Structures are given as structure tokens and as C-alpha cells.
Amino acid sequence: MEPDIRKGLEGVIADKTAVSRMDPATQTLTYRGYPVTELAERCGFEEVAYLLWYGELPTRAQLKAFQAVERKRRALPDDLLFLLQHSPAGSHPMDVLRTAVSYLGLSVPVAHDVESQRRQTLDLLARIPTIVAVDARARQGLAPIPPRSDLSLAENVFWMTFGRVPHPDIVKAFEVALILYAEHGFNASTFAARVVTSTMADLHGAVTAGIAALKGALHGGANEAVIVDLAQVGSPENARTWLKARLSEHRKIMGFGHRVYRNGDSRVPLAAAWGRRVAAIVGNDRWHAIGDVLREAMREEKGIHPNLDFETGPMYALMGFAPAQFTPIFVMGRVVGWTAHILEQAADNRLIRPMSFYVGVPARPFVPIERRVATEGEAEPVPATPRVRARILGGPRQVAAGRNSPATPHRERPASPH
Ligand SMILES: CC(C)(COP(=O)(O)OP(=O)(O)OC[C@H]1O[C@@H](n2cnc3c(N)ncnc32)[C@H](O)[C@@H]1OP(=O)(O)O)[C@@H](O)C(=O)NCCC(=O)NCCS
């Protein structure tokens, strides 16, 4: 009898955590007990990072000391700067970031004590924005702008990318998004980082796994995909027709839906409000005009709500970031959640090792290589005997239609979404 398999581990509670709590019933999210919306409105990003790592909000003195260390560690080693400026043309910024984090790990001794791990997490918090900014400029043939220690982490991202710090509300909107992205329970990338940590592998390896998992369009890659889609829709008048055509092809609409929140993402209202504030400041409501029609049409057609990526995609575009930088910006925030979970996993570790239910070919006799014949159209050799072949193949090969297969997004980059 087939066991109870939860495809995609839906609804499975894999472990306990004290980092955050998502409550889909009330559409709320708390970090260490505090509502994330209140943290985003009232705290800086560094303050929230401190809370997620240490479990308590910092005092003024603790925050000052924490920020002083973070600000000192922003610069990158020369060899990494060289690597970033010589990445292969056409490489995706998420792959460059994954490689850079992995590279930083090469000179860090593996350590399992909390103090060393905390030092490593703070290094990553400080350096990831620099990596993303250096890479963004290198793609345009521009020299890096060194980090400034008199700026907050969010201000410094703008400084290192564009050489200027924008209107304070634009910086605040960016910071709100970093806070909203910082942590979200056992999502795919955090779980990947916890799985790697559970083997007692190093912290940089676990964060690298997190980055690899976040890149996918069903996870963090959705914020890039959203702006690509909005650019393709082109105008509010075209939005409803575009959406219906997509849905009729059984394709997913990026930036909509969530595994846990079925009635709406708790982070969306605040992100949407700040996104509109940014649009007002820069005087461009193009993306929101299209987004409004899509949101309404999606609710009518499928009853599915937008997620955080639907709001941050247009917001980052209006701020001037290139679409391929959106998911690396997500990493700047989520690295805090990953590392909080890595520390939590390491503190009370047990190897994560689930089971699978075998549905392959039944046990069969070994076939010596002289008797094997490749079947037409088959990539792998199968035994020659027609009876055995028929038993294995069961007639012409069927391509399994996975639930998500028709929707797998084909992403095209717009020349410029601004
Ligand atoms: C987030 C996501 C992966 C959750 O997936 P999930 O929990 O496995 O849900 P499913 O893919 O099984 O979807 C359930 C149903 O809703 C539909 N659905 C879910 N999200 C959809 C979307 N964005 N567009 C169109 N249909 C969607 C599915 O087609 C499915 O319909 P069906 O039952 O008729 O086949 C999914 O909503 C998605 O792919 N969204 C787009 C990518 C995205 O924005 N990711 C960022 C998440 S924060």
C-alpha cells in the first residue's frame, strides 16, 4: 500500500523553530514574537538582523556596536573583486553571487562554535551587498564604488550601485523590503540551508545552497520574473487578455500564490504601500497600473492573491535596479534568516534524512554488457528480451505531465523595464 506522501512536503512539520512564526489563518508573521509589519515600520534592517540572530532587540549601545562591526567589514578582498569583474558574460547575477559566497568560504576555516559562526554571518551580511553592487556595475563596464562606513546598509547599497543615495523614503522602502524578506520559516532555500547544516558542513556551503535554491522562479526568482511579465504585458489595457491567455496555456502567473498563505501574503499590504510611495516619488505609476488590473483579474479568474515578489519587482525597477539584480537583493535580506536557521539547526542538530517510496522497475536479473541492446529513442540501454522490454516500458513512453510542467516559465529579459 502506498504510504501517505505529501508531495512538496506540503503541510509537513519538519522541526521546531524559535526564529519566526507564520500564521496563515490570521495572515500574520512574527520574528522572535514581534509582528514583522511593526518591525519594518519602526526598525532599521540591521536592528532586525540583530533580533533574528540574538533573539532580542538590541539596546542603543548594542546596535551601535553591531553596526560598527558590520560597517568595517563591507570591503571585499582584491582577489574576489578581480573574480567579479571577470565573470563570464551572460552569467546570471545569482550565479555570480553564489560563486562569490562560495569563494569567500575558501579562506574561512570550518568552525562549529557559535562565536565563529556569528562572525561569519556578520561578514556575509556586510559583504553580500558589496558583491551585488560590484557585479551590477561590472556588467555595465563600470568600476566598483567602494563602500562607505558612514551610511546604513540600505543607503550603502544605493551608493555602491549608483554613486548616490536617493530620497529617504526610497531608502526606507528598500529597507522595508529587506526586513520583509529577511525571514520566512521553512521555505525552500532556508530548508536547503538547514539540510546542508545538518550534515555538519560549513556555513558558507549552507548559504551557497540557500542562494542556489532561491534563484528558481517558483521561489525568489519570481521577483525578477514579475517585472519581465509586466514589461511583456506592456499596458493596463492588455493585462486581462494577457492573463487569460497565460492561464489558458496552464502557465503560472509569477508573483501570485503561496504554499502557506492561501488567503493572501501577510507581507503584501505594507510592501504595496511603500511601492506606491516610491512610484509617487519617481513619478511613474506604469507598473502599478498594469499590476492593479492583473491583481483583480487573477482574483476573479483563480481566487489567487499576489505575494511579496509581486510588489518588490516593480519597486526595485522604479528604484533603478536591473531585473537580474532583484533576486540578489532578496539574498541581502534573506541571508539573515538563513543564518539564524543555520545557527538554530547547529545548536540542536540531527541529520535531516527523509525516506522515499520506490516506484521504479521491480527487482530483475542482471544483464551482462554483451547482451544489452539500446532501444530506439531511449537514452539508456535496456535489456534486449522483448518480453522484459515490454514489461519495463509498457508500450510507447509517456511523458509525465507534472502539475507544474506546463507552467514552467520561459523567461525573456526585457531590454529595459524602466
Ligand atoms: C508559490 C507556488 C510555487 C506555490 O505552489 P504550490 O503550493 O505547490 O501550489 P500549486 O502549484 O499546487 O497550485 C495550486 C493550484 O493553484 C494554481 N496556481 C498557484 N499559483 C499560481 C499562479 N501563480 N498562477 C496560476 N495558477 C497558480 C495551480 O495551477 C494549481 O491549480 P490546479 O489545482 O488547478 O492545478 C505557486 O503559487 C507558484 O508557482 N507561484 C508563482 C511563482 C511565485 O510567485 N513564487 C514566489 C512565491 S513567494
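**View 1. Thr 130 is a buried residue, with 24 C-beta neighbours inside 10 Å.** Buried here takes 20 or more other C-beta atoms within 10 Å of the residue's own, exposed takes 12 or fewer, and partly exposed is in between, with C-beta atoms placed from the backbone. This is a predicted model, in which local features need pLDDT of at least 70, side-chain atom pairs count only at pLDDT 80 or more, and totals for chains, interfaces and linings use all residues. Residue numbers start from 1 along each chain as its sequence is written. You will find Thr 130 in helix 6 (residues 114-138); helices are DSSP runs of H or I with at least four residues, strands are runs of E with at least two, and both are numbered from the N terminus. Leaving out residues up to four places away in sequence, Thr 130 touches Arg 74, Ala 75, Leu 76, Pro 147 and Met 160. Contact means that the two C-beta atoms, placed from the backbone, lie within 7 Å. Ala 75 is 55 residues from Thr 130 along the chain, and their C-alpha atoms are separated by 7.0 Å.

**View 2. The protein chain is shown as a whole, with 17 helices and 5 strands.** Of its 418 residues, 39% count as buried. Among contacts with a separation of 6 or more, 76% come from residues 24 or more positions apart.

**View 3. Here the ligand sits among 18 surrounding residues.** The closest are Ala 222, Lys 252, Phe 256, Gly 257 and Arg 259. By class, the shell holds 6 nonpolar, 7 polar and 5 charged residues. Nonpolar covers Ala, Val, Leu, Ile, Met, Phe, Trp, Tyr, Cys and Pro; charged covers Asp, Glu, Lys and Arg; the others, Gly among them, are polar.

**View 4. Helix 11 (residues 222-233) meets helix 16 (residues 326-347), with axes that come within 7 Å and cross at roughly 150°.** Helix 11 is therefore roughly antiparallel to helix 16, a label for angles over 145 degrees. Asn 223, Glu 224 and Ile 227 of helix 11 make the contact with Phe 326, Thr 327 and Phe 330 of helix 16. Sorted by class, that contact has 3 nonpolar, 2 polar and 1 charged residues. Each axis is a line fitted to C-alpha atoms over the stretch in contact, and angles run from 0 to 180 degrees between N-to-C directions.

**View 5. Helix 7 (residues 153-162) packs with helix 8 (residues 168-181) at an angle of about 115°, their axes 9 Å apart.** Which residues of helix 7 and helix 8 make the contact? Helix 7 brings Ala 154, Glu 155, Val 157 and Phe 158, while helix 8 brings Val 171, Phe 174, Glu 175 and Leu 178. This contact has 6 nonpolar, no polar and 2 charged residues.

View 6. For context, most residues other than glycine have a negative phi. With 11 other C-beta atoms within 10 Å, Met 200 is exposed.

How values were computed
Near = placed C-beta within 6 Å. Parallel < 35°, antiparallel > 145°, perpendicular 65-115°, else oblique.
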